[in-house]
Amino acid sequence: MTEWRSAAARRIMAFADRKTVPSAVVEIARRLTEGQKLPPTDLEAIFPRVDILECHADPDMLTAGELRQAEGGFEIAYNQSESENRQRFTIAHEIAHAVMERTGPHCPRRGRELERICDLIAGQILVPEEALAATVKSPLNLTEISRLARLFKSSLTMTAIRCAQQYRVACAQVEHDEIVWFAGTNNFGLRRPAGQLKKLLAIAEHANDGRTTCTFDLDAEPSSELNVEWRATGNERKLFVLTRHLSLNHGSKVS
Ligand SMILES: [Zn+2]
């Protein structure tokens, strides 16, 4: 579990004047997108706020993207072989590194928590909390998440993660018959999620997309039925979305 003990975590909380990393992340993205008509987020409009002078594709790039020092500011280089929405995520992630540069001298430039914080800020830049709240419709299921992804020009996966951070939805990714990550399982109090989510592997074995219901053990309620929807998001890769009821009320916000 993340403990947020790194220098990057302390700096971002002080910079945003917030006591927790998640609330600092929301506040920073709010400041960066302030005055914009959302969705989608205009990333270029953010550049002058964080001294980014240039953003360009680099044909020799092996990684997704990079923030580089430039005369009087920074430039972002990104990998053009990625999809457009993936490029937007990369650019938003590098914007977060540029925010870190503004937190004072000798700022952290690498580290596991730093990268997690930059991913969280990128998610909030692309799908800001308030804009999501103003746009989301009930029922919040996979169909609604794909509608939001199109509106916010964010990948389906990133949009599902943002929904799991803000509403009573959980999501998980399966790659090559393995659960590689999950998010939002606390929203249901899913007991020992890593083990229980293995059920998803059998459910989706033969279909690229679909929906069903499945019984899970929740902290408050053993043998509870959850809706399970899934869709292929790549070769041998599927995104799962778990909701409590199909008529899920998006008013049931998680704190
Ligand atoms: Zn990074």
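**Entry 1: salt bridges**

I began with Arg 30, which at 35% relative accessibility counts as partly exposed, the class lying between buried (under 20% relative accessible area) and exposed (over 50%), with a 1.4 Å probe and protein chains only. I noted that this is a predicted model, in which local features need pLDDT of at least 70 and side-chain atom pairs count only at pLDDT 80 or more, while totals for chains, interfaces and linings use all residues. Residues are numbered from 1 along each chain as its sequence is written, and side-chain values use heavy atoms, with hydrogens and water left out.

I found Arg 30 in a salt bridge with Glu 34 at 3.1 Å, N to O, where a salt bridge is a side-chain nitrogen of Lys or Arg within 4 Å of a carboxyl oxygen of Asp or Glu. Glu 34 is partly exposed at 45%. Both residues belong to a network of salt bridges that links Arg 18, Glu 27, Arg 30, Arg 31 and Glu 34. Within it I looked up Arg 18 and Glu 27, whose closest N and O atoms are 3.3 Å apart; Arg 18 is partly exposed at 34%, whereas Glu 27 is buried at 8%. The structure holds 13 salt bridges.

**Entry 2: zinc site**

I then turned to the zinc ion, which is coordinated by His 93 (NE2), His 97 (NE2) and Glu 115 (OE) at 2.0 to 2.1 Å; donors are N, O and S atoms within 2.8 Å of the metal (3.2 Å for Na, K and Ca), and sites may look incomplete because water is not among the atoms. The donor residues are spaced H-x3-H-x17-E in sequence. His 93 lies in helix α4 (residues 84-101) and Glu 115 in helix α5 (residues 112-126), 22 residues apart; helices (H or I, at least four residues) and strands (E, at least two) are DSSP runs, numbered from the N terminus. I recorded His 93 as buried at 9% and Glu 115 as partly exposed at 29%.

**Entry 3: sheet**

Finally I traced an open sheet of five strands in the order β5-β4-β8-β7-β6, with antiparallel pairing, two strands being paired if DSSP finds at least two bridges between them. The edge strands, each pairing on one side only, are β5 (178-183) and β6 (209-216). I followed β6 alongside β7 (residues 224-234), which it pairs with over eight bridges in the antiparallel sense, and noted that Thr 215 has Glu 225 in β7 as its bridge partner.
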